[in-house]
Amino acid sequence: MKKVLLKLSGEALAGAKKTGFDEETVTAVAKQVKKLTAEEIKVGVVIGGGNFWRGRSSENIDRTKADQIGMLATIMNCIYVSEIFRSQGLATAVMTPFKCGEFTEIFSKDRVNEYFDQNRVVFFAGGTGHPYFSTDTAAVLRAVEIEADSILLAKAVDGVYDSDPKLNPEAKKYDVVSIQQVINEKLAVVDMTASIMCMENHMPMQVFLLNEQDGIIDAARGINNGTKITV
Ligand code: UDP
């Protein structure tokens, strides 16, 4: 692959603590991404916000406001991960769909391409910029916009199962599954809005375990280290 969109869940950044940041986990990600950029693979990154806040975190406040907090959480995550990447010698940029003072810059496809040409990793923070969406949808949106070859979904599980492996010890893991089947059977990969967008725009995905040794590198090399989602 020449260009990938790496999606990390917020919780994955938190390691065992489930909240906040786990530097060891993020440093391991940075080291892998560094190897990819050394091979001139262009890497865009979208990060969730679940280690801080989700729109569904409170039933008592307005959903739009709750989602704004969620989007801000994703920006904190991107700034943190970007800085860890820099500490490992990577060049980065953090973009948002809305103004965030001097903290980030506004998303622009032309600017992304300039940064990719400079071998920078580009973080797409702040989700889509709209409530009632998720960073899954933001990941698909940006992957399509930047014309990525695939979305690499680094998760806390090692692939897509026919039922929840935590609840069902008999759950069967798919090696390959079509996005149509993901949609029809509501398999837990990305949310429905994101799945439909993937299908309509023919954007494949690779799901794998974040904590697997060289998982990101293998996925970017097209090795099926979890579940391949075809479109
Ligand atoms: N969010 C949003 N719009 C977006 C992306 C994210 O409103 O385009 C908010 C939403 O509140 C979400 C939170 O940011 O719950 C964190 O994003 P993530 O995708 O991690 O949330 P999840 O899918 O786990 O709810």
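**Around the ligand: questions and answers**

Helix H3 (63–87) and helix H5 (135–145) each give at least two residues to the shell around the ligand. This is a predicted model, where local features need pLDDT of at least 70, side-chain atom pairs count only at pLDDT 80 or more, and totals for chains, interfaces and linings use all residues. Residues are numbered from 1 along each chain as its sequence is written.

Reader: Why is Thr135 called buried?

Author: A residue is buried if 20 or more other C-beta atoms, placed from the backbone, lie within 10 Å of its own, exposed if 12 or fewer, and partly exposed in between. Thr135 has 31 such neighbours, so it counts as buried. Thr135 sits in helix H5.

Reader: And why does Gly129 count as partly exposed?

Author: Gly129 has 14 C-beta neighbours inside 10 Å, so it falls in the in-between class. Gly129 lies in the loop between strand E5 (121–124) and H5.

Reader: What does Gly129 touch, not counting residues up to four places away in sequence?

Author: Pro97 and Phe98. Contact means that the two C-beta atoms, placed from the backbone, lie within 7 Å.

Reader: How do you know that Gly129 and Thr135 belong to a "binding site"?

Author: That comes from UniProt, in an unreviewed entry that lists both, along with others including Asp67 and His130. Such annotations may be inferred rather than shown by experiment.

Key
Helix = DSSP H or I, 4+ residues; strand = E, 2+ residues; numbered from the N terminus.
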